[in-house]
Amino acid sequence: MQTALTKERRASDLRKEIQGLVAQHHLNLCLECGKCSAVCPMVDFYGEYVHTRCTRSVVERLCFDPDSIDDEAIWYCWACMECTFYCPSGVDFQNFMMGFRQLLVSHGYSEYAHFCKACGAYLMPKKQLEYLEATLGNGNGNQELLYECPNCKKGRFVFNMARAGGVIWRNNP
Amino acid sequence: MSDSTRVGVFVCHCGTNIGGIVNVPEVVEYSRTLPCVECAEGNLYTCSEDGLSSIRNKIKELRLNRVVVASCTPRTHETLFRKNCERAGLNKYLFEFVNLREHCSWVHMDKPLEATMKAKDLVRMGVAKVSLLRPQEDLATEVLQAALVLGGGISGLSAALSLANQGYQVELVEKEQELGGLLRFVNRVFPTHQPPTDLLNPLIDSILNHERIRVHLGAEFLAVKGFVGNFTITIRENGESQDLNVGTIIVAVGAQVHRPAGTFGYGRFDNVLTQLDFEQRCGNYEGFDRVVIVNCVGARNEERSYCGRFCCIVALKNAILLKEANPGAEVTILHRDMMAVGKFYEDYYRRALDAGIKFVRYRKDLPPRVEGAGTRAENVKVFHTLMGKEIELDVDLVLLTTPLVPATDNPVLSRMMKIPLGMDGFFLEAHQKLRPVEFPGDGIFVAGCSRYPADMSDSIGQSLAAATKAAIPMARGKVVSDAFISEVDSIQCSACGRCLDICPFGAVDWAEVRTSDHATRKAAKLNPAECKGCGLCTASCLSRAIRLSGFTDGQIFAMIGSQR
């Protein structure tokens with residue numbers, strides 16, 4: 001009983017925080033003109049256009065469909081800022097998306113998120129990782145970049161440099 | 001002046017408009033060979049002062065008694081040339097216009113030779129016709145210095161006050177017992193959120209206390225007779241019928257609110273109301289936590305194709321007021337499209353967005369469904385087009401935004417006053433763009449919601465325009481009409497009634513004619529003041545009893561018979 005109540009309260013907290021983000025980033029100014037969906041590059045990444053994943057739809061789902069936070073569709077966005085740039089009403093969707101994912105992760109919705117393997121910080125959606133693995137892959141060493149956050153990468157670099165006695169350019173063993 | 005016909009022909013180059021295609025000197029040369037032509041000349045611009053004075057000089061020098069000008073179009077220039085003839089002492093109806101620009105040079109731009117031949121033909125026909133014209137006098141009728149305003153809503157009130165302040169006697173006829181029209185039931189006006197009484201009461205006060213306005217409340221409109229300048233209207237006020245004599249009429253009968261019985265649970269659930277019902281019943285906006293507003297109820301569908309024009313703004317207004325009264329309320333507007341056209345309305349829409357009112361688009365083929373138990377609606381289900389699934393909204397109030405629909409007695413009024421109704425049931429103005437507050441018949445004007453749904457500023461704008469238009473004939477004191485009008489030969493008339501049906505101006509009516517000392521019979525009678533000389537009756541008359549002066553059979557046959 002206690003657990004169920006707490007869970008409910010946490011869910012309602014999350015909803016309230018989402019509404020706060022919606023107001024902060026002016027999502028309610030949307031006029032449904034469709035420019036954001038037209039410029040969204042998601043179709044290039046995933047090979048198909050699914051309207052439930054695009055900007056306008058995410059906004060609508062968060063307003064009217066409480067279950068949508070469990071749906072993977074809201075993890076497709078790359079936060080590339082195209083929609084934010086073209087929006088005639090001033091909807092700041094990019095920053096909303098970043099803040100929204102942080103919020104979800106902090107509430108334990110980690111199913112579709114990919115984390116830094118060193119420190120455990122949120123890095124990118126799994127969907128984005130899959131795409132990058134497929135494109136950057138081929139064992140050329142670039143894949144390393146996908147698993148650590150910039151902070152950890154920098155830390156490891158500095159650590160290696162110190163151990164090598166100040167020699168900066170040396171390949172990792 | 002000698003009695004023989006002496007025609008002067010003036011052919012205009014119209015710059016290169018005619019001169020660039022038609023060989024004007026050749027046409028002038030040819031005109032000289034035509035019968036009765038005393039002189040013919042070409043001008044660069046006949047409508048310039050040079051051209052006009054040349055016509056006047058020729059009329060005086062050569063004692064011309066007929067003038068033919070072959071130039072641009074009678075639509076813009078006939079009056080000018082007629083006045084010019086008058087200045088030279090020639091009756092203005094002894095003038096004939098040949099349309100060389102629009103009937104010839106513009107339509108045959110790539111065929112100059114053929115165009116020149118056609119120009120000659122046209123001039124020859126003009127000369128043949130002009131010889132048969134007879135001098136005529138304009139018809140002038142006096143205009144009574146009083147106007148009738150039909151309808152005491154915001155449009156009628158503004159029109160009446162404007163006319164009275166211009167110095168005319170005004171008869172204001174309202175069928176209800178109170179002035180103010182639909183605006184009386186409105187709670188607040190957008191976008192300023194003032195109570196409408198702030199705007200109505202001063203207006204009504206000045207109407208009631210105006211020395212030149214007579215207000216007839218609870219009055220029924222019974223009949224209208226007459227024409228511009230001299231209408232006689234019969235009304236029944238408090239059981240007594242009385243006649244009003246006026247010069248002009250303004251129709252501002254307004255419209256009524258559509259009540260969508262049977263749809264969206266209207267009439268079944270107590271908490272499903274139209275916007276006006278809600279404003280009428282709920283003085284304050286407090287106590288509603290979950291409100292759903294459905295727009296386009298009964299508008300833009302098969303039955304009623306038009307857009308209500310300001311319903312979206314009404315929905316925004318009530319949504320904002322509900323949200324302001326109770327900031328925690330969930331207000332959702334279900335719309336097919338949001339239209340916020342008008343001064344400051346887009347900002348008003350912004351204000352609604354900023355206030356956190358939610359907007360959901362619904363599809364025409366999947367309208368929202370209102371569900372509930374007993375007499376109370378509990379939720380609204382709507383197919384969300386962007387999510388592609390149905391969502392459910394809990395409600396404790398559903399507002400239906402309905403358009404204004406034509407008043408039910410519009411058809412009666414239309415038949416009585418011979419003013420046209422459109423397909424949608426609203427009154428049809430003479431021209432949608434160029435004559436928005438006039439009817440085809442003279443002296444009757446239209447304003448406000450009787451023409452099309454109009455918000456307050458539109459209604460007032462239109463009624464002031466109609467008042468100004470109505471003041472024109474009254475200020476002039478008389479109406480002068482063209483002498484080229486139809487006349488009925490009652491001996492030949494077979495009383496078939498075709499001309500009565502076909503006349504767009506309502507100028508033909510029945511009359512009793514005496515056939516012998518004791519017998520009378522019915523025949524068509526034409527009112528010269530109302531006739532515009534369009535010729536429809538002349539063309540439709542089976543007994544050839546109607547003659548249109550200026551276009552008589554003799555003149556037309558002379559034009560045709562003058563072929564080479």
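1. Helix axes are lines fitted to C-alpha atoms, for helices over the stretch in contact, and the angles run from 0 to 180 degrees between N-to-C directions. Helices themselves are DSSP runs (H or I, at least four residues), numbered from the N terminus.

2. A quick heads-up: this is a predicted model, where local features need pLDDT of at least 70, side-chain atom pairs count only at pLDDT 80 or more, and totals for chains, interfaces and linings use all residues. Residues are numbered from 1 along each chain as its sequence is written, while chains are lettered from A and ligands numbered from 1 in the order in which they are written.

3. Now look at chain B. Helix α5 (residues 112-130) of chain B packs against helix α15 (residues 553-561) of chain B at about 145°, and their axes are 8 Å apart. On α5(B) the contact uses B:Met125, B:Ala128 and B:Lys129, and on α15(B) it uses B:Gln555, B:Ala558 and B:Met559 (in contact means C-beta atoms, placed from the backbone, within 7 Å). Sorted by class, that makes four nonpolar, one polar and one charged residues. Here Ala, Val, Leu, Ile, Met, Phe, Trp, Tyr, Cys and Pro count as nonpolar, Asp, Glu, Lys and Arg as charged, and the others, Gly among them, as polar.

4. On to chain A, which splits into domain 1 (1-111) and domain 2 (114-173); such bounds come from an automatic or database domain assignment. Where the two touch, domain 1 of chain A gives seven residues and domain 2 of chain A gives five. Helix α6 (residues 93-106) of chain A supplies the largest share of the domain 1 side, three residues.

5. Finally, the chains meet through 12 residues from chain A and nine from chain B. Chain A's side has three nonpolar, four polar and five charged residues.

Methods: Helix = DSSP H or I, 4+ residues; strand = E, 2+ residues; numbered from the N terminus.
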